[in-house]
Amino acid sequence: MEPATPSAIDPPANVLLVHEKQCEPAVCPDLCHDTGATADLRVSFADNRPDRPDPDAVTGKVGLLTVGDVLIEDTAESARDFEKRVVVDTVRDPTDLSAIGVAVSRFCKYWSDEQLTVCFDSLDALLRSTPPKDVFQFAHVLTNRLSSVDAYAHFHFDPTRHEDRVVSTFGEIFDAVVAEEGSEESLPEATDEEVADLLAAWTDGADEPDGEFEFAVEPSTEATDEDIARLLGN
């Protein structure tokens, strides 16, 4: 994987942000701000959820989607009001990829007129309890959905927790890969053959001409909640 810098990426794009989890990379704010965005969606897990901002201090709109054990009041349907400056939503089960995908897609639907940035923190949290193949397919469907609304999205991923071929294969989904400052030379490397073998295993062995592959399911640009749920196996 050839690393890029945020300044070299032209939004909209889907970016894989590779860094050790214990470090908060300085480039994360660069991928969230100074992009002309009018809406910012932050997907986080219960053990690393951000504080809810004061609506009066928010410029544009902020969405907070929390995955995992959450407070009861945060699960209320009334909290999901997309006309507000700060919109809160939750998914209780981190293994329910369909529900997570639908929740993100809902922000895409109601904020389709906004310039949307997305911070997904992180793919590692999904991989703790879900097979890599399922997470890979989830990320592929979700990045296509985000592309359909011209979002500028980045997904955090800790390479130290996984084999090099796993990290390299995930990188195939994204428009660009960004590493934390100073770590460019330590990005995981895998051979083309290793990546191709893993792609084949994760896509049920379907081969395409010239080594390319295509999922049997692709979200349309007008994907509904039901479409996303079906694509993710619900």
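Is C119 buried or exposed? With a relative accessible area of 11%, C119 is buried, where buried stands for under 20% relative accessible area, exposed for over 50% and partly exposed for what lies in between (1.4 Å probe, protein chains only). The structure described here is a predicted model, in which local features need pLDDT of at least 70 and side-chain atom pairs count only at pLDDT 80 or more, while totals for chains, interfaces and linings use all residues. Residues are numbered from 1 along each chain as its sequence is written, and side-chain values use heavy atoms, with hydrogens and water left out.

Of the 234 residues in the chain, 49% are buried. A contact is counted when heavy atoms lie within 4.5 Å. Among contacts between residues at least 6 apart in sequence, 73% join residues at least 24 apart.

A disulfide is defined as a pair of cysteine sulfur atoms within 2.5 Å, and the structure holds 0 of them. For C28, the nearest cysteine sulfur is that of C119, 4.1 Å away, and C28 is in no disulfide. C28 is buried as well, with a relative accessible area of 7%.

In soluble globular proteins, nonpolar side chains tend to be buried together. A nonpolar core is taken as a set of buried Ala, Val, Leu, Ile, Met, Phe, Trp, Tyr and Cys residues joined through side-chain atoms within 4.5 Å. The largest such core has 47 residues, and those with the most contacts inside it are F120, L123, L126, L146, F155 and F170. A second, separate core of 12 residues includes I9, V15, C28 and A176. Leaving aside neighbours within four places in sequence, L126 is in contact with F45, P94, L97, I100, F120, V135 and F138.

A search of the whole structure finds 5 salt bridges, each being a side-chain nitrogen of Lys or Arg within 4 Å of a carboxyl oxygen of Asp or Glu. One of them joins D89 to R106, with the closest N and O atoms 3.2 Å apart. This pair links distant parts of the chain, 17 residues apart: D89 sits in strand β5 (residues 86–91) and R106 in helix α2 (residues 97–110). D89 counts as buried because its relative accessibility is 4%, and R106 is buried at 15%. R42 and D40 also meet in a salt bridge, at 3.0 Å from N to O. Here D40 is buried, at 9% relative accessibility, whereas R42 is partly exposed, at 26%. In a further salt bridge, R165 and E163 meet at 3.1 Å, N to O; R165 is partly exposed at 31% relative accessibility, and E163 is partly exposed at 48%.

The axes of helix α5 (residues 164–171) and helix α6 (residues 192–202) come within 9 Å and cross at roughly 70°. Axes are lines fitted to C-alpha atoms, for helices over the stretch in contact, with angles running from 0 to 180 degrees between N-to-C directions. The two helices are therefore roughly perpendicular to each other, a label given to angles of 65 to 115 degrees. In this pairing, R165, V166, S168, T169 and F170 of α5 meet E194, V195, L198, L199 and W202 of α6.

Note on methods. Helices (H or I, at least four residues) and strands (E, at least two) are DSSP runs, numbered from the N terminus. Angles under 35 degrees count as roughly parallel, over 145 as roughly antiparallel, 65 to 115 as roughly perpendicular and the rest as oblique.
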